[in-house]
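I opened this notebook to record what I looked up in one structure. The entries follow the order of my reading.

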Amino acid sequence: MAAALERALGSVTAGEAAPPVPVLVLGPAGSGRTALLLRAALAGGGDGPRALFLAPSALPRLPGGDGGGGGGNDPRALQRLELRYPPSPGALGRELGAVAARPRPPGLLLLDGLERYLGGAPGAPARLAALLLEAARSPGPPRPPAQVLASLCLPPPGPHVLPALRRYFPAECRLRPDPGAPLRIRARLTLPGAPPRRWRLRFGPHGQLRVAPADGDSEGDEDTDPDGDEDGDGDEGWG
C-alpha cells in the first residue's frame, strides 16, 4: 500500500490518504531498494504502525539519521520495527502463516529481496504474492489490512515474474541509479488512476537517505528500461 512509501518520501500531508494498494519496489542492484523499505518502515517516528520487515539475510546495519523525516533518528520508530530473516521459501511461508496468529499483527508488512524466494517454478511469483496479501489480512475484529511493500531486483529472474506479480501489486515504485552520479537515485511511484510521482534520492556516506521531490521532471516518459518495461522517469539529477 502506498501510504507508508509516500510518507517515507515526504509527499503525504495531513488529511491525505493514498489508495490502499500493495506496492512493488523495483530497481537494479545498488539502487537503494532495502534502504527505501526501511525508511518506509520507520517513517512517522513513534507514531507509525508496527512494522514487520522480512528479508532472506540479515541487514549489515540499520539506517542512520536521515535528516529528512524518515524516522531514522527516533528510537521509538525502531521499537515498533521487527526484523525477521527467513532463509528459504518454506521458512518465509511459515513466517507469513504465523502473522495472523500474532496478538498484535503488524500494520506494515515489508518483504525485501522477493526474487530470492521465487525459485524456478512458473507459479512461484503468484503463490508468494498471494501469501503476502493473505498475511496482510487480519482475522478477528474488523481492521484495515496491513500495508504491503515488496522489493524485486531487476532484471527479474524470468520473463513471467513481473506480469505475475503485477496482478497482485497494482502500484510500482521504480528506482534507477542516476548515470554518472554515484549514490544518487531517481524514483518514480505509479498508482492506479493517478499521474506518476517522482523524487530524487541521495545516499550519504553512512547510509543516510535524502529525498527531494522531482514532480516537474516529466521529460522522457517513454524511456524503456533494459528489462523491457517502460519507466518514464525523466529526472535530470540533483541541481
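I began at a pair of residues: Ala-51 stands opposite Leu-108 in β4. Four bridges join strand β2 (residues 51-54) to β4, and the two run parallel. I took helices (H or I, at least four residues) and strands (E, at least two) as DSSP runs, numbered from the N terminus; two strands pair if DSSP finds at least two bridges between them.

I noted that the model is predicted, that local features need pLDDT of at least 70 and side-chain atom pairs pLDDT 80 or more, while totals for chains, interfaces and linings use all residues. Residues are numbered from 1 along each chain as its sequence is written, and side-chain values use heavy atoms, without hydrogens and water.

I then followed β4 to its other partner. Strand β5 (residues 147-154) runs parallel to β4 and is joined to it by four bridges, with Leu-111 opposite Ala-150.

Which way do the side chains of β4 (residues 108-111) point? Leu-108 and Leu-110 point one way and Leu-109 and Leu-111 the other, and all are buried (under 20% relative accessible area, 1.4 Å probe, protein chains only). In a regular strand the side chains alternate between the two faces of the sheet.

I checked confidence next. The mean pLDDT (the predictor's confidence in each residue, from 0 to 100) is 79 for the chain, and 72% of residues reach 70 or more. Over residues 12-17 pLDDT stays under 50, and the model has four contacts there beyond four places in sequence (heavy atoms within 4.5 Å).

Technical notes
Buried means under 20% relative accessible area, exposed over 50%, partly exposed in between (1.4 Å probe, protein chains only).
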